[in-house]
Amino acid sequence: MRLGLVIDLDVCVGCHACAIACKEWNASGTIGPLSDYQPYGAEPSGVWFNRIRHYEMDEYPNNKTVNFPMSCMHCEDADCVTVCPTGASYKRAEDGIVLIDQDKCMGCNYCSWACPYGARELDRSSGTMKKCTLCVDRIYDQNLPVEERQPSCVLTCPAHARMFGDFDDPDSAVSRTVRERGGFPLMPELNYNPTNTYLPLRRKPVVPVDTQPVGGLKESIKQFANRLVRR
Amino acid sequence: MHPAFSVIFFTVASGAGFGLFSLLFIADTFKLGGGFTPTQLVLGGLIAMSLVVFGLLSSTFHLANPKNAWRAFSRFRTSWLSREGVFAVVFMPLALIYLASIWFEAPAWLRETFGLLTAVLAWITVFSTGMIYACLKTIRQWNTPLVPANYLALGYASGSLLLLLGAVYAGLDTTPYIAMSALIVSIAAVLKAIYYFWIRNPGLTPTINTATGLTRAKVKLLDTGHTHGTFLTQEFGFRLARQRAGLLKVLVFGLGFALPGLMLVWVFNEQGGAAAAVIAAAAGLAGAAVERWLFFAEARHVVNLYHGAQRC
């Protein structure tokens, strides 16, 4: 098994609900708590497993905002695991989930240096490195209904921009979607072989935009009226 | 990268200690300048070892959870950090056996065998220190064989200057020590110059386009999604103005290489006496510390592409 996420960049609305749900679940999860520093102070900061960035692609009038959720990619060739001197970082053979044994970590930050995706964050209260667990304490929980045995972020996403599944199974929903939509990994040139895959933006008909102001008497009167009203 | 002072002190001090110890073995084997007495050799060896020990202790100050530091010896097979720790610890007993065989006048074969083993192990340990940084694909400025070469050259350069200082105080013929220092310091200077030349334009690097997979158009960051800094911006967001980096590079060459070189001439001409040798060693170490600070400050981690950088 090779468990991971598919994130649909075309659908994500950038609401940060996945990050909140992640924080909520994992604060009391296996690697929790996720410490906050000055949560109500002037410089709020803290540990998050999932962060959403917002990008702008291309230039006006063809520009498009792309919301970009990122968490651990659970890479096939995870350098964060090989560089770890204590053996605290490990990749599970059975499902490919990369985890950190909090009892072994010495907080040297070396794994975070090796991670290109910024998935690992040091918890300054516990002095240990923390990261996305793919909700390992949810997805195998026999007490939960089968449809709820999914990572918190996937369950909560109101836009259904996130999918969870086994990438080794060619017939799984994630594998099929990646095939059909042309999913891609991030920074493939570094050869980490990330499991999480992103789906590209769909091509949509171009919405015509007036880029040039229309001249003429009618437009001048309209602009004059607008100026009067604004005063 | 954020330059952590404990790591800077650790790499400079342990590099100089390992360099001093292996050069001490060479000085002993070839009886350079008449050769040190056993007491002087043991004293020099102990100084070198304490530099290494203080360095190792200082390196634990940058750990957020030092109570688990003993576990760092467990992943020898994959981690350069672990390898460095193991080699540094194995170095200690071998070095002590070498010093003991000098002190108790053991047979020459025993003394030479352990001396050679210790010198080779010192070399491997400094190489491992360099490889900790050089093996990271995420930092283009570090991912080059020039990094372990620089670590070795600078460690041996500062070690050779310390050894020269010892030779001056021991009243030996300083000429072979000056020649050795001059050679190693100039090699270190040339290697560092190549490194600085290379990182000006380090070839193909990830861009904001490959980092986001949005490769068909210009991409720019609108919002990082957090109101204040995170661990990632604190650890990797360090920026150094290009002009300041240039000034510091001048300082590295002036303090680390040129001033010791001038002092070597003074020692050779018997000007300034022991003070010249002291200045040479102190300037060499200070130059190495500035170099190490720059090494961290100039490194650009690819995670910056998710915080607004266009390329790394």
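Predicted model: local features only at pLDDT ≥ 70, side-chain atom pairs only at ≥ 80, totals over all residues.

Strand β4 of chain A teams up with β1 of chain B (residues 219–223): the two pair in the antiparallel sense over four bridges.

Now zoom out to the whole contact between the chains. On one side there are 48 residues of chain A, and they are in contact with 44 residues of chain B. Which elements of chain A give two or more residues to the side that touches chain B? They are β4 (51–57), β5 (64–70), α2 (79–83), α3 (110–114) and β8 (121–123). The largest share comes from β4(A), with seven residues. Sorted by class, the residues on chain A's side split into 24 nonpolar, 13 polar and 11 charged.

Next, stay within chain B and find helices α6 (residues 175–199) and α9 (residues 242–268). Their axes come within 10 Å and cross at roughly 165°. An angle over 145 degrees counts as roughly antiparallel, so that is how α6(B) runs relative to α9(B). The crossing of these two helices is left-handed.

What does the contact consist of? From α6(B), the residues include B:Ile178, B:Val185, B:Ala189 and B:Tyr196, while α9(B) brings, among others, B:Val252, B:Phe253, B:Phe257 and B:Leu264. Counted by class, this helix contact has 13 nonpolar residues, along with two polar and two charged ones. B:Lys192 of α6(B) and B:Lys249 of α9(B) also take part in the contact.

How values were computed: Residues numbered from 1 in each chain as written. Chains lettered and ligands numbered in written order. Contact = placed C-beta atoms within 7 Å. Nonpolar A, V, L, I, M, F, W, Y, C, P; charged D, E, K, R; others polar. Pairing = 2+ DSSP bridges. Axes fitted to C-alpha atoms, helices over the stretch in contact; angles between N-to-C directions. Parallel < 35°, antiparallel > 145°, perpendicular 65-115°, else oblique. Left-handed = near helix turned anticlockwise from the far one by under 90°.
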